[in-house]
Amino acid sequence: RQHITEPTELFVEDLSSPIKSRFDSKRINRKLNSWVKGELQDSVEVIAQETGSTVVTVNPAYTSQVDCLTGTLLGRRDGDRFTCYTGVVLQADKNAAKNILIRGTDNEISRYMKYSEVLTVLLHRTVRYLHSKGYSVEFALTNGWLQPKFKKQALVIESSYLPLG
């Protein structure tokens, strides 16, 4: 926890889009999500005004699914835990907060990119990282490092890289 006493840059996710979830159809959850986003945004704006800070809004896509230590999609979030592919366990919200901070200076991911474009950038980073360590996408999938939902696109991206070995 940090107290802001002098001007700084505050990095926040762009929360202007509706939050989609399994419970999206329930009216009460929509109202609660909207209220919480508004309260959070108001609080950040007040802090920024009081301290002379600037607010930098970043693209929120996949910030909770990226390992902040490697910048890849290797690992898994489960509730309040994020488990890195190496077995290191991080507090999930801190991992996401670090990713938001990193996203603030990311030259490849802009605020208004579609989530599918962000995913493509992240999968390229993941495949490059795996190859730098001598691993393949199949190896990462077999060992549970990469979620199966990324398999098809990751394999297509990997096919454009030089073979391992």
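Predicted model: local features only at pLDDT ≥ 70, side-chain atom pairs only at ≥ 80, totals over all residues.
## Tyr115 and its neighbours

Along the sequence, Tyr115 and Ala61 are 54 residues apart, yet in space their C-alpha atoms are 5.5 Å apart.

Tyr115 belongs to helix 3, which covers residues 115–132. Is Tyr115 buried or exposed? Its relative accessible area is 59%, so Tyr115 is exposed, because the cut-off for that word is over 50%.

You will find Tyr62 in the loop that links strand 2 (54–58) and strand 3 (75–78). Its relative accessibility is 15%, so Tyr62 counts as buried, because buried means under 20%. The backbone is worth a look here too: Tyr62 has a positive phi of about 65°, although it is not a glycine.

Strand 3, at one end of that loop, also holds Asp78. With 58% relative accessibility, Asp78 counts as exposed. The C-alpha atoms of Asp78 and Gln65 are 9.8 Å apart in space, and the two residues are 13 apart in sequence.

## Helix 3 meets helix 5

Next, follow helix 3 to its contact with another helix. Two packed helices are described by the angle between their axes and the distance between the axes. For helix 3 and helix 5 (residues 151–158), the axes come within 9 Å and cross at roughly 60°. That angle makes helix 3 oblique to helix 5. The crossing of helix 3 and helix 5 is right-handed.

Which residues of helix 3 and helix 5 meet? On the helix 3 side they are Leu119, Thr120, Leu123, His124, Val127 and His131. On the helix 5 side they are Gln153, Ala154, Ile157 and Glu158. Sorted by type, the residues of this contact are five nonpolar, four polar and one charged.

Like Tyr115, Val127 is found in helix 3. Is Val127 buried or exposed? Its relative accessibility is 1%, so Val127 counts as buried, whereas Tyr115 is exposed.

Leaving out neighbours within four places in sequence, Val127 is in contact with Val137, Ala154, Ile157, Glu158 and Tyr161.

## The whole protein

Read from the N terminus, the elements run β-α-β-β-β-β-α-α-α-α.

The protein has 165 residues, and buried ones make up 33% of them. The accessible surface comes to about 11,000 Å², and 53% of that surface belongs to carbon and sulfur atoms. What about contacts between residues at least 6 apart in sequence? Of these, 61% join residues at least 24 apart.

Methods: Residues numbered from 1 in each chain as written. Heavy atoms only, no water. Helix = DSSP H or I, 4+ residues; strand = E, 2+ residues; numbered from the N terminus. Buried < 20%, exposed > 50% of the residue type's maximum accessible area, 1.4 Å probe, protein only. Axes fitted to C-alpha atoms, helices over the stretch in contact; angles between N-to-C directions. Parallel < 35°, antiparallel > 145°, perpendicular 65-115°, else oblique. Left-handed = near helix turned anticlockwise from the far one by under 90°. Contact = heavy atoms within 4.5 Å. Nonpolar A, V, L, I, M, F, W, Y, C, P; charged D, E, K, R; others polar. Areas by Shrake-Rupley, 256 points an atom, 1.4 Å probe, with all protein chains shown as cover.
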